[in-house]
There are 4 protein chains.
Amino acid sequence: MLGIGKTGWIEKEKPVCGPLDAICRPLALAPCTSDVHTVWEGAIGDRHDMILGHEGVGEVVEVGALVKDFKSGDKVIIPAITPDWNSVEAQAGYSMHSGGMLAGWKFSNIKDGVFGEFFHVNDADGNMALLPEGMDLASAAMLSDMAPTGLHGAELADVQFGDKVVVIGIGPVGLMAVAGAALRGASEIYAVGSRPNCVKVAREFGANQIINYKEGDIVEQVLALSKGKGVERVIVAGGDNDTFDQAIRMLQPGGKIGNVNYLGSGDYVKIPRVAWGVGMGHKAINGGLMPGGRLRMEKLAALVHHGRLDTGKLVTHKFKGFEKIEEALMLMKDKPADLIKPVVIL
Amino acid sequence: MLGIGKTGWIEKEKPVCGPLDAICRPLALAPCTSDVHTVWEGAIGDRHDMILGHEGVGEVVEVGALVKDFKSGDKVIIPAITPDWNSVEAQAGYSMHSGGMLAGWKFSNIKDGVFGEFFHVNDADGNMALLPEGMDLASAAMLSDMAPTGLHGAELADVQFGDKVVVIGIGPVGLMAVAGAALRGASEIYAVGSRPNCVKVAREFGANQIINYKEGDIVEQVLALSKGKGVERVIVAGGDNDTFDQAIRMLQPGGKIGNVNYLGSGDYVKIPRVAWGVGMGHKAINGGLMPGGRLRMEKLAALVHHGRLDTGKLVTHKFKGFEKIEEALMLMKDKPADLIKPVVIL
Amino acid sequence: MLGIGKTGWIEKEKPVCGPLDAICRPLALAPCTSDVHTVWEGAIGDRHDMILGHEGVGEVVEVGALVKDFKSGDKVIIPAITPDWNSVEAQAGYSMHSGGMLAGWKFSNIKDGVFGEFFHVNDADGNMALLPEGMDLASAAMLSDMAPTGLHGAELADVQFGDKVVVIGIGPVGLMAVAGAALRGASEIYAVGSRPNCVKVAREFGANQIINYKEGDIVEQVLALSKGKGVERVIVAGGDNDTFDQAIRMLQPGGKIGNVNYLGSGDYVKIPRVAWGVGMGHKAINGGLMPGGRLRMEKLAALVHHGRLDTGKLVTHKFKGFEKIEEALMLMKDKPADLIKPVVIL
Amino acid sequence: MLGIGKTGWIEKEKPVCGPLDAICRPLALAPCTSDVHTVWEGAIGDRHDMILGHEGVGEVVEVGALVKDFKSGDKVIIPAITPDWNSVEAQAGYSMHSGGMLAGWKFSNIKDGVFGEFFHVNDADGNMALLPEGMDLASAAMLSDMAPTGLHGAELADVQFGDKVVVIGIGPVGLMAVAGAALRGASEIYAVGSRPNCVKVAREFGANQIINYKEGDIVEQVLALSKGKGVERVIVAGGDNDTFDQAIRMLQPGGKIGNVNYLGSGDYVKIPRVAWGVGMGHKAINGGLMPGGRLRMEKLAALVHHGRLDTGKLVTHKFKGFEKIEEALMLMKDKPADLIKPVVIL
């Protein structure tokens, strides 16, 4: 990223490795819709000559003197969120906000991202996880952001055995939310989306019903499917401020919303007063950035490694070679009909 | 209530007692702001010839054949919310929504209230609590609605040891929220209000700071008091849809809002997108009707009985005699400067 | 049950239906190990001429005057635990202990069980669930006790995404615990057991590893599999008081035990002091009777109905005809090698 | 500590300050019963020439190059538990077990303690808190261990509004548990103990009833006070393995135990099978080491600073001068009748 709306290649010094840090070279990289927001929508403000990217698998080439558990040559999964673990925010259980709201997100935000020849990882012991033996690189790259974000939607919505769950949006994060809802014991999952490839994968991940907004109001469709009662949980992984109006209206009293969607514009999220029980309906509204760090990567990698979660299904386009990143990024920007997620293998 | 905007006395048959129910005569009654909303704002729609009131202490005059734990002559506290305990909503932990959103609220809503010569209590064993020996009737009447609602604000906001807590609104419910925040271990409580009587009681209940909106933006005042960091918890016990805009902006990432305020008008509650972390700030928004029923009454009565909670401080105006209810209700409507809560002793 | 150690057929009056109750005739019945404990071990003390059984599917033949949601002819699932929903225990969230510890268990404990021509269900609206259209009767009978008990093990152990979970005991409840751990997002499940039929089904439900105590100390086997670290969760569904010694020793600090096993003899459950961190290791020990009632049945039935949970795999022996109950019970007592669970279809 | 059973003064080099660390000199110190266990009971095994002590307030004399928030001259509270915040255990929410069970406890365990001319603090930004302006040093020294441990008992027991709570043991930790139970909204607190000074302070902190084991079985006394029902919560802050037998028997189904007592001898903690509901009574058993680190110190210091918690009441003996530490330690060993806690001011 050269500036808002402009991308290109840039020469930079190899990053410096602090005593707790690591320097890695990428093995697999994936562009994210957030990269598109960053460049073309200026989502996080102007950035100049910043290297993009926060999803990837790498090989360690250097570690700081205080790093205990990693060494050069280790293959590692790097989470999009790399907290400062000793911050008071992390001590309070919100490591993703270490140093300030959303500030656990460092790559391609407050420092260079992973789309470089080398990249820097803060607190290597706390923020990298060994790539399990035999794990496919493309599947592993989905662990940086797509899987932890989607599954966090199911955590925020607090899915319990037998719940009916709506997942709004079935891009890669929404698909992981479908998988997450199934993995936490939902009985019925209604997935809102329309792109054929995504619909197919949503069904494979456990969606019972696909709701297409083109076929009528999605709230009415959900109410019809649930015999007028609404659902216990809604995971928001797409849409905009107005989506919360729909989510609240399809929710039962005592229900919970888990939002993991980036809200890019508008002043106010819309919570409909009456459907929210005039403030007293016990419809909880939660939204949060994914938890990152080493343990999260290890746990989700274990789910993939043991066949509980197939992140590989997200990868529709594979490229080979560092120079293909730009192409992959443009694909993410243009979103052809058959795209879920591209990965570049190096 | 004769109709929207009209009150008066009405003759009705003594209510019929079902096998699980009880009939009581009132010993102490308190009008609620909700009664004012019901009559003069038509908050719950039109009601004709409905007896108002849902706060009171009574004496049992009749019990149904299946009632096990109560008998005629027992003095009892009656909660504003009297759930159907075998409903699926109650089984899910949301008894206040038994039979539908907010439908655990029956008195002066879907049936006659307590401002009658006799009133009917559904599921007596599940919804009444014995008045502890020696408890002041006026203090006990505050247990029907004011105490459980205010303390539920502290529960919804999930106050933990050492938290900084803002309580917005210090009417009787807000004052109970202040007491509730102190009782759950808040270190600092900032109470937003201005009426001198309420301010005095807020300080007695544990407020460290009083924030007056007349002295500037309350968000700025909270940020100044918290050295720019904001607070961990906000309990909303007053204001309107726009109050949530302020609440979100004074909250830390990882913070929680507990709303117990009835939102009377407007289409949408306003959640500010950017201050809400573009959807990902982990600022949880909870709002809910008070839990009612017998156990809740017993637990809160124990707090009062053992001197942990002094609900009597809320009672600024005491009346004597059934016919004074109208005067007390008008007082609640007109809200003179020195009013917190009136009670009528019979 | 005629007395401890004696079973036989007995003539009784058709049970009386109270205003909230229902009378059902059985459609499918399953004997439980608890029935064996009750008769041959005197587990709940002496009982004379008590009808056994608490697992079954039935048809409603009579409902009380206050029953709203069921009518004669309805086919229903009946949970083993049928709480008094308005009790203070249920209001506190522990309906299975309504009226006293474990007293939500009424069938074949404090009243006649379901192995009769007719049986009585207290609080029909609160304690029965409609049999979903097309559901296999044998699979449905597993919802009375096996599924809710096994899945409660996973709830008590609080399984989270990516956890390693040990399930001790793979009888029918333990198998449901394996399924429950998988359904809540465990990454690895180590199932302790040896009977070939159970091992086969455990693998089908998601066990990655089978641990056979005949092949060495199970703690050492678990530590070996987890690279010396132990596991995050242990579900106890078999064994005895000493099993907790093993469970604590295979658990990580911060780990949790969920016990759903009936402990039939001995004075003290053994918690090893040092392995429990001299009292400070944050190894939580939970144990509890299954939650019963209508909502629980509806939620678990939805899991079966939508193909998330295949309770039918438990049923290894099917009988036809009321008179076969005794044979099925004896099978449960003798536990032949290929038995998991017998069902009698009527 | 020179070896088991032997104490004395020793000359050591000034500790070395790593890049994240700080070196402090003590301002106030307090010996702990754990120090007595360490020396005279060999509780943590043999240690040679190890400096004792883990409770204290200090002044920073040196900080590492990567320390951001502290500088020489800062007065700070140092927690007994100083975790490695980037460890996987801390990421899982159990920082006190970072690096292994109980291994967040470093002072006077796996490195020299605070009873030296200088002492070393690992991860200064994560593990020290500024002493609030004007806070009494003796009160502040109680924040290192006594307050966080006692209050953690109330957290582990999960005290809720209106609960009846038993606190077993009213030494300094038990007294803080009494204060913690009151601060979380208990209605009644029964404190088990007999020493007059402790009894007096227990009442000041909110105990309603004092239970003296010399006056009969404490379980029977609790049952008598609770009308045979038992209590919702038990905090164990004294006693031994057998204490859990009592705790379980005085607990209601659905109740919770929070243990913060160090269990010094014996093989097994005794959980009575029948009173534990034959494994199914939902009587949860939790026990854990105090959470340490910066945020915890800041939160509890705020409670003291704002007058919510008066830790100063614990301090019965004040000494002046470094050389008095031995005298204070001996006092802790001999426990005269009027002792709660000694502090040495430097």
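Buried area is the accessible area that two parts lose on being put together, summed over both. With that in hand, here is a walk through the contacts in this predicted model.

## Two ways for the chains to meet

Let's start with chain C and chain B. Between them they bury about 1300 Å², and carbon and sulfur atoms give 67% of that area. Three residues, C:Trp85, C:Asn86 and C:Gln91, supply 43% of what chain C buries against chain B, more than any other three residues. The contact takes 15 residues from chain C and 15 residues from chain B. A rotation of 180 degrees, with 0.0 Å of shift along its axis, puts chain C onto chain B with an RMSD of 0.0 Å. That is the relation of a two-fold axis. C:Trp85 turns up again here, as the residue of chain C that comes closest to the rotation axis, its C-alpha being 2.7 Å away. And because 100% of the interface residues of chain C are also interface residues in chain B, the copies meet through the same surface.

Now for chain A and chain B. This pair buries about 3600 Å², with 66% of it on carbon and sulfur atoms. A:Arg273, A:Met280 and A:His282 supply 21% of the area that chain A buries against chain B, more than any other three residues. Again a rotation of 180 degrees with 0.0 Å of shift along its axis does the superposing, chain A on chain B, at an RMSD of 0.0 Å. In chain A, the C-alpha nearest that axis belongs to A:Ile285, 2.5 Å from it. Here too the copies meet through the same surface, since 100% of the interface residues of chain A are also interface residues in chain B.

Here are the two interfaces in brief:

| Chains | Residues in contact | Area buried | Salt bridges |
|---|---|---|---|
| C and B | 15 residues from chain C, 15 residues from chain B | about 1300 Å² | 0 salt bridges |
| A and B | 44 residues of chain A, 44 residues of chain B | about 3600 Å² | 0 salt bridges |

## Rings across the chains

How many aromatic pairs are there over all chains? The count comes to 12. One of them is A:Phe244 with B:Trp276, edge-to-face, with 5.6 Å centre to centre and 75 degrees between the planes. A:Phe244 lies in helix α9 (residues 243-249) of chain A, and B:Trp276 sits in the loop between β11 (268-272) and β12 (284-287) of chain B, so the pair joins two chains. A:Phe244 counts as buried, at 0% relative accessibility, and B:Trp276 is buried at 0% as well.

C:Phe244 and D:Trp276 also make an edge-to-face pair, at 5.6 Å centre to centre and 75 degrees between the planes. This one crosses from helix α9 (residues 243-249) of chain C to the loop between β11 (268-272) and β12 (284-287) of chain D. Both C:Phe244 and D:Trp276 are buried.

The charged end of A:Arg184 sits over the ring of C:Phe161, 6.0 Å from its centre. Within chain D, the charged end of D:Lys333 sits over the ring of D:Trp40, 4.8 Å from its centre.

## Salt bridges

Over all chains, the count comes to 80 salt bridges. One joins C:Lys299 and A:Glu232, at 3.3 Å from N to O. It runs from helix α10 (residues 294-305) of chain C to strand β9 (residues 231-236) of chain A. Buried or exposed? C:Lys299 counts as buried, at 15% relative accessibility, and A:Glu232 is buried too, at 11%.

A:Lys299 and C:Glu232 form a salt bridge as well, their closest N and O atoms being 3.2 Å apart. A:Lys299 lies in helix α10 (residues 294-305) of chain A and C:Glu232 in strand β9 (residues 231-236) of chain C, so this pair joins two chains. Both A:Lys299 and C:Glu232 are buried.

Inside chain B, B:Glu155 and B:Arg296 meet at 2.8 Å, N to O. B:Glu155 is partly exposed, with a relative accessible area of 22%, whereas B:Arg296 counts as buried at 11%. Elsewhere, salt bridges that share partners join A:Asp163, A:Glu232, A:Arg233 and C:Lys299 into one network.

Terms used:
Residues numbered from 1 in each chain as written. Chains lettered and ligands numbered in written order. Predicted model: local features only at pLDDT ≥ 70, side-chain atom pairs only at ≥ 80, totals over all residues. Heavy atoms only, no water. Phe/Tyr/Trp six-rings, centres within 6.5 Å; stacked < 30°, edge-to-face > 60°. Helix = DSSP H or I, 4+ residues; strand = E, 2+ residues; numbered from the N terminus. Buried < 20%, exposed > 50% of the residue type's maximum accessible area, 1.4 Å probe, protein only. Lys NZ or Arg CZ within 6 Å of the ring centre and 35° of its normal. Least-squares fit on C-alpha atoms with pLDDT ≥ 70 in both. Contact = heavy atoms within 4.5 Å. Buried area = accessible area lost by both parts, 1.4 Å probe. Salt bridge = Lys/Arg side-chain N within 4 Å of Asp/Glu carboxyl O.
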